[in-house]
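Me: Let's go through this structure by question and answer. Show it first.

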Amino acid sequence: MTINGQTFMNDALRLGGGENVFADRQRLYPLAADLGQAVPRPAGTRDTRYPRIALDEVAQRKPEIVLLPDEPHPFSEDDAAVFRAALAHGTKVVRCGGRDFSWYGAQSVEGIPRLRALVDSLR
C-alpha cells in the first residue's frame, strides 16, 4: 500500500523536498484490479487515496528514494532488504520515523524539517 497525491503524507513529503511517484495513482476496486489483474469497478464512496501496489509497480516508477516508515506500518530491516533486492541499484531504501510525515498538527512543525534534512542527505 502507498499514498497518492490527495493525502497529508504527500503534502508533507512535498514540503520536505520529495516527490511522490504514486501521486497520480488511485486505489482501484476490487483488489485484483488494483494489482492489474482485473477490470476495475467504480469506487463509489470508497477511499481511493491509498492504492495497493505490487513491488514490480514500484520498480516501474523508478523512485530515487523509498522511505519505509516505522508507522503506521513498522517496516523492518528484512522489509528494506526485499525492496533493495527488487529495485534498481541506484534507489536508496531508507527506514525512517513515520511521525515526521504521517502525523498532522503540532508534530509537523518539527517533523517536516527533519524530513527535508533526510531527503537532502540522500541526494
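Me: How much space lies in the largest pocket?
Reply: This is a predicted model, where local features need pLDDT of at least 70, side-chain atom pairs count only at pLDDT 80 or more, and totals for chains, interfaces and linings use all residues. Residues are numbered from 1 along each chain as its sequence is written, and side-chain values use heavy atoms, without hydrogens and water. On a 1 Å grid over the protein atoms alone, a pocket is an open set of points where a 1.4 Å probe fits, with protein on both sides within 12 Å along at least five of seven lines. The space in the largest pocket is about 950 Å³.

Me: Which element gives the largest share of the lining of the largest pocket?
Reply: Lining residues have an atom within 4 Å of a point. The lining has 30 residues, and the closest to the pocket centre are Thr2, Ile3, Phe22, Val66 and Leu67. Helices (H or I, at least four residues) and strands (E, at least two) are DSSP runs, numbered from the N terminus. α1, α3 (55-61) and β1 (65-69) each supply at least two lining residues, and the largest share, five residues, comes from β1.

Me: How are the rings of phenylalanine 8 and tyrosine 104 paired?
Reply: Rings of Phe, Tyr and Trp (its six-membered ring) pair if their centres lie within 6.5 Å; planes under 30 degrees apart are stacked, over 60 edge-to-face, the rest tilted. Phenylalanine 8 is in helix α1 and tyrosine 104 in the loop between α5 (99-102) and α6, 96 residues apart. Their centres are 5.8 Å apart and their planes at 70°, so the pair is edge-to-face.

Me: Is phenylalanine 83 buried or exposed?
Reply: Buried means under 20% relative accessible area, exposed over 50%, partly exposed in between (1.4 Å probe, protein chains only). Phenylalanine 83 has a relative accessible area of 16%, so phenylalanine 83 is buried.

Me: Which ring does the charged end of arginine 99 sit over?
Reply: A charge sits over a ring if NZ of Lys or CZ of Arg is within 6 Å of the ring centre and within 35 degrees of the ring normal. The charged end of arginine 99 is 4.0 Å from the centre of the ring of tryptophan 103.

Conventions: Grid points are joined across faces, edges and corners, and a volume is the space filled by probe spheres set on the points.
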